[in-house]
Amino acid sequence: MSPTTPAARDRLRIAIQKSGRLAEPARSLLASCGLSWRESRDRLFCYGETLPVDLLLVRDDDIPGLIAEGVCDLGIVGRNVLVEQDLDAQAAGRGARLREWRPLGFGACRLALAVPEGWAWHEPSQLAGRRIATSYPQLLTRWLADNCVEARVVVLSGSVEIAPRLGQADAVCDLVSSGTTLAANQLKPVLTLLESEAVLAGPAADLDDVRGELAQLLLRRLDGATRIRHSKLLMFQATRQLLPQLLPLLPDADAPTVMQVDGEDRLALQALCHGALTWQRLEDLRRAGARGLMVLPVEGMLA
Ligand SMILES: Nc1ncnc2c1ncn2[C@@H]1O[C@H](COP(=O)(O)OP(=O)(O)OP(=O)(O)O)[C@@H](O)[C@H]1O
Ligand SMILES: O=P(O)(O)OC[C@H]1O[C@H](OP(=O)(O)OP(=O)(O)O)[C@H](O)[C@@H]1O
Ligand SMILES: [Mg+2]
């Protein structure tokens with residue numbers, strides 16, 4: 001049960017956020033891959049029951065370091081945190097130690113540069129000599145260098161958007177999702193430095209022992225789970241000659257399985273659709289000759 005027992009190294013250990021935006025979705029995604037755990041009394045460690053895959057519950061900022069030090073094998077963290085810390089490690093001469101193993105399709109946000117609403121924004125050179133507040137100094141510094149802009153980076157650990165109103169900065173570089181926080185502080189986003197989402201982070205090299213096999217198994221399940229997250233199985237019947245009209249109505253579907261029902265003409269089709277199957281689409285399919293339309297949830301898939 002303890003994370004320090006010698007046997008723990010035969011087990012895969014994944015760091016996830018203890019509480020915060022990514023905590024619950026990360027855990028549900030791993031649970032949808034068939035993992036379940038027993039939680040330690042201090043609620044910092046979860047011992048894998050169905051597979052030897054344990055969880056360490058931590059602050060998200062600690063996740064890249066825990067993987068780099070080998071305390072954990074993998075982690076679920078925002079790309080914004082992973083890239084920032086990797087740039088930091090490179091700046092300190094430690095080289096690229098980690099890589100993004102998979103994007104996970106939740107926790108979407110972007111790292112944006114925002115200026116006061118009253119500014120007429122044209123181009124990056126307007127930031128020359130200005131102060132920009134951010135919690136992402138490495139990403140901002142790289143962007144400034146790429147755009148040949150010399151500006152002062154003011155590092156703040158939180159409440160970045162208030163800095164211009166307090167006279168601490170002229171512009172900000174922070175995470176944006178709905179844009180509400182920027183608007184509440186009379187700021188407007190003008191550029192995106194990084195599109196982010198939660199990612200599975202791991203070491204730059206593959207794991208090469210029993211943990212490598214567990215990681216491969218997990219990746220296969222994750223790929224299946226992320227692929228079908230918004231997918232549904234569509235089933236219907238139609239006559240063979242109507243297929244040319246029906247198939248174009250399913251541009252988001254995998255190649256359908258076609259089965260003969262009776263005689264030559266009547267077919268039963270099943271297709272995995274990755275886009276929304278709205279009433280409108282079902283009605284369009286019916287008008288084109290589909291009958292007995294049925295939409296089914298997909299619980300799992302292994303390619
Ligand atoms: N609107 C948003 N603002 C901030 N982060 C967001 C937003 N939407 C999605 N995210 C993602 O969620 C991640 C975690 O955000 P959260 O606010 O929970 O972090 P935190 O306060 O640093 O948590 P911790 O206590 O673990 O350090 C961010 O790094 C980012 O990848
Ligand atoms: O575009 P929005 O939907 O408004 O989201 C963006 C805000 O959310 C985050 O802050 P958070 O709520 O985590 O507060 P904190 O930065 O003070 O922790 C981020 O740092 C922005 O301030
Ligand atoms: Mg944090």
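Q: Which helix and which strand each supply at least two residues of the shell around ligand 2?
A: They are β10 (171-176) and α5 (180-184). This is a predicted model, in which local features need pLDDT of at least 70, side-chain atom pairs count only at pLDDT 80 or more, and totals for chains, interfaces and linings use all residues. Residues are numbered from 1 along each chain as its sequence is written, and chains are lettered from A and ligands numbered from 1 in the order in which they are written. Helices (H or I, at least four residues) and strands (E, at least two) are DSSP runs, numbered from the N terminus. β10 gives the most to this shell, with 3 residues.

Q: What makes a residue part of the shell around ligand 2, and which residues are in it?
A: A residue is near a molecule if its C-beta atom, placed from the backbone, lies within 6 Å of it. Around ligand 2 these are Gly-158, Ser-159, Glu-161, Asp-174, Leu-175, Val-176, Ser-177, Ser-178, Gly-179, Thr-180 and Thr-181. By class they divide into 2 nonpolar, 7 polar and 2 charged. Here Ala, Val, Leu, Ile, Met, Phe, Trp, Tyr, Cys and Pro count as nonpolar, Asp, Glu, Lys and Arg as charged, and the others, Gly among them, as polar.

Q: Which residues come nearest to ligand 1, and from which domains is its shell drawn?
A: Of the 15 residues around ligand 1, Gly-20, Arg-21, Gly-78, Cys-109 and Ser-177 come nearest. Domain 1 (6-106 + 198-228) and domain 2 (109-196) each give at least three residues to the shell. Its classes are 4 nonpolar, 7 polar and 4 charged.

Q: What does UniProt place at residues 230-299?
A: An unreviewed UniProt entry places "domain: Histidine biosynthesis HisG C-terminal" there. UniProt positions are in the numbering used here, feature names are shortened, and annotations may be inferred rather than shown by experiment. In the model, residues 230-299 are 19% helix and 41% strand, with the end C-alpha atoms 11 Å apart.

Q: Why is the protein chain called more spread out than a compact globule?
A: The chain has 8 helices and 16 strands. Its radius of gyration is 25 Å, well over the 19 Å that the globule rule gives for 303 residues, so the chain is more spread out than a compact globule. The radius is taken over C-alpha atoms, and the rule is 2.2 Å times the number of residues to the power 0.38. Along its principal axes the C-alpha trace spans about 75 × 60 × 35 Å.

Q: Why is Leu-250 called buried?
A: A residue is buried if 20 or more other C-beta atoms lie within 10 Å of its own, exposed if 12 or fewer, and partly exposed in between, with C-beta atoms placed from the backbone. Leu-250 has 20 within 10 Å, so Leu-250 is buried. Leu-250 is found in the loop between α7 (243-246) and β14 (257-262). Leaving aside neighbours within four places in sequence, Leu-250 is in contact (C-beta atoms, placed from the backbone, within 7 Å) with Ala-271 and Cys-273.

Q: Are Phe-45 and Leu-56 buried or partly exposed?
A: Phe-45, in strand β3, has 20 C-beta neighbours inside 10 Å and therefore counts as buried. Leu-56, in strand β4 (residues 53-58), has 19 and therefore counts as partly exposed. Phe-45 lies 6.1 Å from Leu-57, C-alpha to C-alpha, although they are 12 residues apart in sequence.

Q: What makes the phi of Arg-43 and of Cys-148 worth noting?
A: Most residues other than glycine have a negative phi. Arg-43, not a glycine, has a positive phi of about 60 degrees, and phi of Cys-148 is near 55 degrees. Arg-43 lies in the loop between β2 (37-39) and β3 (45-48), and Cys-148 in the loop between α4 (137-146) and β9 (152-155).

Q: How do you know whether Arg-43 and Cys-148 are buried or exposed?
A: Arg-43 has 10 other C-beta atoms within 10 Å, so Arg-43 is exposed. Cys-148 has 9 C-beta neighbours inside 10 Å and therefore counts as exposed.

Technical notes: Domains from an automatic or database assignment. Contact = placed C-beta atoms within 7 Å.
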